[in-house]
Structures are given as C-alpha cells and as structure tokens.
Amino acid sequence: MAKRKKTPDLLADRESHERSPTPARAKNPSADPTLPATDQAGVASTADPFTALFPPPAVGEPAPSSVRIKLTVTAGEDMAHEVEEHVAQALSAFPYVHLVQAEADWTLIVLGVPIQSPNGKTSGIALSAVVTKTVTQQVRDSVRSASLLAPASAPVEAFRGTWLRIGSRHRIQHLCEQLVADFNDRYLHTERGEG
C-alpha cells in the first residue's frame, strides 16, 4: 500500500500568522504611505477630486497690476467738464486704475442732470452712473465662406449695473468721489493709494 503524502495544514499556517506580532506599519496606519490618510477617529478621509483639480483661490490675492477704465461724461455744458475732472481725479487715487480711451476693461458712464425747482432755479444735481465690462464673445466672420467659418473672439460691453447720487450743486466734488467709491466697492475692490 502506497504512502500518502501529507498535505500542508493551511488552517494551522493561518493561525500562526495571526498570532505573529503586528508589524509597526499596521500599528500606526498613518506611517504607511500606501494607506489612505485617516483622521483622529481612524476614519479614512478621501480628498475631493474637484477641489484637487480646481483649488479655491488663495485668500488675500494681490490686486491686479492694472485696471483700464474708459470714462464718459454727459452733462450740461456748465457742469460736464467739472464732473469729468472730479471723477477722473477720484479714480486716479487708486494706484491700479488707468484711464484710457480704447481697449478698456470697464466703462464708467456718468450722466449729470441738474435738479430744478418749479421756478427754474437749480437746487441740486443728480449723477447717474452706468457700468459696463468688456467681455470676449465668440463671433463668426460673415465674409468667409460657410466651409471656412471659424470662431473668432471680439470684445463686447456687457451691462453690469447702475446707481444714482443726488446732492446740492456746490457739493459736486463730493458726489463724484462718492460715485467713484461706489464703483470701486461694487466692482474693482482695490485699495486707495497713500497721499
């Protein structure tokens, strides 16, 4: 009669493996770089893939190096130059703001209207501000043939907001400064220069 080979006892091998001392890595999972990070409760924390791909902007980002603003003032002949001068002076207090005539990031349109009493006497002034921002829009060149149509980018002014400042005629400079402060607080968020 042939002798049977002794088969290894798999269960006994498993028990001896479980009785063996725990490796240092298993005792402290945070020391094993192959395991996911865990919090203090020992629960594995998973990173948000969206946050990993698109991290939020850093707090306290530096102000832009330059903001180009086109200023347009419409008012009566007696006050148009004065309003334009005061608004331009208030805008120049911001170090990142540059007044331009073309290729502006923002357009500030100011309309000055005198407030008159029934007898025709001017009792105050109303300054209305309209703000547009230049954005890029995909357009197609109508001259090209249909087979060669290609998207091109063109600047377009998009309406952003409007507001009103009213006050007495002799406080026109203060009204212009308030109007510029409103513009900065709503859209630019830049800090005034020292001086």
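**Core and salt bridges in a predicted model**

Analyst: The largest nonpolar core has 27 residues, and those with the most contacts inside it are Ile69, Val83, Leu108 and Phe183. At least two residues of this core come from each of S1, H4, S3, strand S4 (122–140) and H5. The greatest contribution is that of H5, with eight residues. The model is a predicted one.

User: What makes a set of residues a nonpolar core?

Analyst: The members must be buried nonpolar residues, joined through side-chain atoms within 4.5 Å. In soluble globular proteins, nonpolar side chains tend to be buried together.

User: Which residues is Ile69 in contact with, leaving aside its neighbours within four places in sequence?

Analyst: Ile69 is in contact with Leu91, Val97, His98, Leu99, Val100, Ala104, Trp106, Leu108, Phe183 and Leu188. Two of these partners, Leu108 and Phe183, are also listed with Ile69 among the residues with the most contacts inside the core.

User: Why is the pair of Arg68 and Asp105 called a salt bridge?

Analyst: The N to O distance between the two side chains is 2.8 Å. The cut-off is 4 Å between a side-chain nitrogen of Lys or Arg and a carboxyl oxygen of Asp or Glu, so the pair qualifies. Arg68 is partly exposed, at a relative accessible area of 32%.

User: How many salt bridges does the rule give?

Analyst: The count is three. One of them joins Glu82 and Arg169, whose closest N and O atoms are 3.2 Å apart. This pair links distant parts of the chain, 87 residues apart: Glu82 is in helix H4 (residues 80–91), and Arg169 is in the loop between strand S5 (151–167) and helix H5 (172–188).

User: What makes Glu82 and Arg169 partly exposed?

Analyst: The category lies between the 20% and 50% limits of relative accessible area. Glu82 has 28% and Arg169 has 24%, so both values fall in that range.

User: What is the span of H5, and what is expected?

Analyst: H5 has 17 residues and reaches 23 Å from its first C-alpha to its last, close to the expected 24 Å. Its buried residues include Leu175, Leu179, Phe183 and Tyr187. H5 is followed by His189, whose phi is positive, near 60°.

User: Why is Thr190 called buried?

Analyst: Thr190 has 7% relative accessibility, which is under the 20% limit, so Thr190 counts as buried. Thr190 is in the segment after H5 and, not counting residues up to four places away in sequence, touches Phe94, Tyr96 and Asn184.

User: What pLDDT does the protein average?

Analyst: The average is 76, and 57% of the residues score at least 70. Over residues 57–63 the pLDDT is below 50, and this stretch has one contact in the model beyond near neighbours in sequence.

Conventions:
Residues numbered from 1 in each chain as written. Predicted model: local features only at pLDDT ≥ 70, side-chain atom pairs only at ≥ 80, totals over all residues. Heavy atoms only, no water. Buried < 20%, exposed > 50% of the residue type's maximum accessible area, 1.4 Å probe, protein only. Helix = DSSP H or I, 4+ residues; strand = E, 2+ residues; numbered from the N terminus. Expected span 1.5 Å × (residues − 1). Contact = heavy atoms within 4.5 Å. pLDDT = per-residue confidence, 0-100.
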